[in-house]
Amino acid sequence: MEAFIETLMNDGTVVDGVLAQNLSQLETMWKTRESCNPSVAATGYVNKYDVSLAVLDFDTFIDEIRSELRGLSPQPCICTNWGHLMDGNLHCNVVVPGNFEKDDFLCEKIDSLVLNKVIERGGSISAE
């Protein structure tokens with residue numbers, strides 16, 4: 001794994017990363033990862049998407065979603081993401097902080113935005 005990551009860092013594919021050096025670090029990394037869903041849910045109602053995209057499309061996809069979310073709601077929407085870089089799986093979550101009730105109209109707008117951006121890139125929904 002170290003050689004693989006080193007190769008990717010040397011050719012510029014990966015610009016930063018971390019590899020657990022022991023079981024304690026591994027457990028800390030998983031604890032951090034597992035805290036993502038509850039942390040976002042504590043913020044407000046979460047519109048969750050599990051999408052599959054080419055890894056090279058992650059940045060532009062996220063940037064475009066964040067850009068187009070501006071003005072979609074009277075309150076600002078926040079887009080948080082995490083996923084499985086190696087298999088192109090992205091967990092895209094959109095939340096309006098402080099709003100814990102589902103807003104069907106807003107959800108429809110967000111669904112349309114996210115799904116169209118995935119389709120534009122030849123991605124798929126429900127990647128896992």
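Helices here are DSSP runs of at least four residues and strands are runs of at least two, both numbered from the N terminus. Keep that in mind as you read the order of elements in this predicted model: α-α-α-β-α-β-β-α-β.

**Stop 1: the whole chain**

Show the protein chain as a cartoon. The C-alpha trace spans about 50 × 35 × 25 Å along its principal axes. Now colour by burial. Of the 128 residues, 29% count as buried. Next, think about contacts between residues at least 6 apart in sequence: 65% of them join residues at least 24 apart.

**Stop 2: two helices**

Select residues 58-69, which form helix H4, and residues 104-120, which form helix H5. How do they pack? Their axes lie 11 Å apart, at an angle of about 150°. Angles over 145 degrees count as roughly antiparallel, so H4 is roughly antiparallel to H5. Their crossing is right-handed.

Show side chains where the two helices meet. From H4, pick Phe61, Glu64, Ile65, Glu68 and Leu69. From H5, pick Ile110, Leu113, Val114, Lys117, Val118 and Glu120. Colour this contact by type: you get 7 nonpolar residues, 4 charged and no polar.

**Stop 3: the cores**

Which residues touch the most other members of the largest nonpolar core? Select Leu53, Phe61, Ile65, Leu69, Leu90, Ile110 and Val114. The core has 19 residues in total. Strand E1 (46-52), H4, strand E3 (89-95) and H5 each give two or more residues to this core.

Go back to Leu69 and look around it. Leaving aside neighbours within four places in sequence, Leu69 is in contact with Cys77, Cys79, Val94, Ile110 and Leu113.

**Stop 4: Thr80**

Select residues 78-84. This is strand E2, and Thr80 lies in it. Is Thr80 buried, exposed or partly exposed? Its relative accessibility is 24%, so Thr80 counts as partly exposed. The cut-off for buried is under 20%.

Now show what Thr80 touches. Beyond its neighbours within four places in sequence, Thr80 is in contact with Val40, Arg66, His91, Cys92 and Asn93. Finish with a distance. Pick the C-alpha atoms of Thr80 and Arg66: they are separated by 9.3 Å, and the two residues are 14 apart along the chain.

How values were computed:
Residues are numbered from 1 along each chain as its sequence is written. This is a predicted model: local features need pLDDT of at least 70, side-chain atom pairs count only at pLDDT 80 or more; totals for chains, interfaces and linings use all residues. Side-chain values use heavy atoms; hydrogens and water are left out. Axes are lines fitted to C-alpha atoms, for helices over the stretch in contact, and angles run from 0 to 180 degrees between N-to-C directions. Angles under 35 degrees count as roughly parallel, over 145 as roughly antiparallel, 65 to 115 as roughly perpendicular and the rest as oblique. A crossing is left-handed if the near helix is turned anticlockwise from the far one by less than a right angle, and right-handed if clockwise. Contact means heavy atoms within 4.5 Å. Ala, Val, Leu, Ile, Met, Phe, Trp, Tyr, Cys and Pro count as nonpolar, Asp, Glu, Lys and Arg as charged, and the others, Gly among them, as polar. Buried means under 20% relative accessible area, exposed over 50%, partly exposed in between (1.4 Å probe, protein chains only). A nonpolar core is a set of buried Ala, Val, Leu, Ile, Met, Phe, Trp, Tyr and Cys residues joined through side-chain atoms within 4.5 Å.
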